[in-house]
Amino acid sequence: MPEPRWLTAEEMRAWRGYLGLVRLLEDRLGRDLQEQSGLSMADYEVLVRLSDTATRRIRMSELAQLAMVSKSRLSHQVSRMEARGLVRREACPEDGRGSVAVLTGPGYAALVAAAPGHVDSVRRHLLDQLTAEQVCSLGRLAEAVLDQLTGEGAAPCAAEADALQPVDE
């Protein structure tokens, strides 16, 4: 067995910093969201994904992929949300085998009510701590790793896109 590629001091610093950031940030954002709106981060993710579509409905398998959770975990999450009237499931009209998650009126209202506080929390705990360049770098770093893990491509951030625009002469 080959010798492991041990982390350098700088790599260890980055790894431990990343772990702390993810754990504490998710905890703070989740706590703020729960206190302000009664929604969990998982609830919010499902509501956002559904609201992002024109029809406010998504096939369950696609929703699981978008939310980056297993189909089983999503099914349990949607069941809890159905019990609260935030979403409902319908048979998939295309093939009848799958199901579609549908955002309800109360679910949309809950999202609209929760969004301002959640955005404030994201800004307060993350974005306001960074410069515009750091935000762009964070986006690039996250997309690089996500691209490798999911095989999806990433678009440039706004600052990079502006830099790529032709200049009138």
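Modeller: A polar contact is a pair of N or O atoms within 3.5 Å; within protein, one atom must be able to donate a hydrogen and the other to accept it, and residues adjacent in sequence count only if both atoms are side-chain atoms. The model is predicted, so local features need pLDDT of at least 70 and side-chain atom pairs count only at pLDDT 80 or more, whereas totals for chains, interfaces and linings use all residues. Residues are numbered from 1 along each chain as its sequence is written, and side-chain values use heavy atoms, with hydrogens and water left out.

Biologist: Which backbone oxygen does the side chain of Thr104 reach?

Modeller: The side chain of Thr104 comes to 2.6 Å from the backbone oxygen of Gly85. Thr104 sits in the loop between strand S3 (99-103) and H5; helices (H or I, at least four residues) and strands (E, at least two) are DSSP runs, numbered from the N terminus.

Biologist: Is Thr104 buried or exposed?

Modeller: Buried means under 20% relative accessible area, exposed means over 50%, and partly exposed lies in between (1.4 Å probe, protein chains only). Thr104 has a relative accessible area of 11% and is therefore buried. Contact means heavy atoms within 4.5 Å; apart from neighbours within four places in sequence, Thr104 is in contact with Gly85, Leu86, Val87 and Arg88.

Biologist: Which residue's side chain is joined to that of Glu90 by a polar contact?

Modeller: The partner is Arg88, at 2.9 Å. Glu90 belongs to strand S2 (residues 87-91) and is partly exposed, because its relative accessible area is 25%. Setting aside neighbours within four places in sequence, the contacts of Glu90 are Arg57, Gly98, Ser99, Val100 and Val102.

Biologist: How is the packing of two helices described?

Modeller: Two packed helices are described by the angle between their axes and the distance between the axes. Axes are lines fitted to C-alpha atoms, for helices over the stretch in contact, and angles run from 0 to 180 degrees between N-to-C directions. Helix H2 (residues 41-51) and helix H5 (residues 105-125) have axes that come within 10 Å and cross at roughly 110 degrees. H2 is therefore roughly perpendicular to H5; angles of 65 to 115 degrees count as roughly perpendicular, under 35 as roughly parallel, over 145 as roughly antiparallel and the rest as oblique.

Biologist: Which residues of H2 and H5 meet?

Modeller: Met41, Tyr44, Leu47, Val48 and Ser51 in H2 meet Gly107, Tyr108, Leu111, Ala114, Ala115 and His118 in H5. By class, this contact between H2 and H5 has eight nonpolar, three polar and no charged residues. Ala, Val, Leu, Ile, Met, Phe, Trp, Tyr, Cys and Pro count as nonpolar, Asp, Glu, Lys and Arg as charged, and the others, Gly among them, as polar.

Biologist: At what angle do H2 and H3 pack?

Modeller: Helix H2 and helix H3 (residues 60-67) pack at about 115 degrees, with their axes 10 Å apart. Here Glu45, Val46, Arg49 and Leu50 in H2 meet Leu63, Leu66 and Ala67 in H3. The contact of H2 with H3 has five nonpolar, no polar and two charged residues.

Biologist: What is the phi of Arg56, and what is that of Met68?

Modeller: Most residues other than glycine have a negative phi. Arg56, although not a glycine, has a positive phi of about 55 degrees, and Met68, also not a glycine, has a positive phi of about 60 degrees. Arg56 lies in the loop between H2 and strand S1 (57-59), and Met68 in the loop between H3 and helix H4 (71-83).
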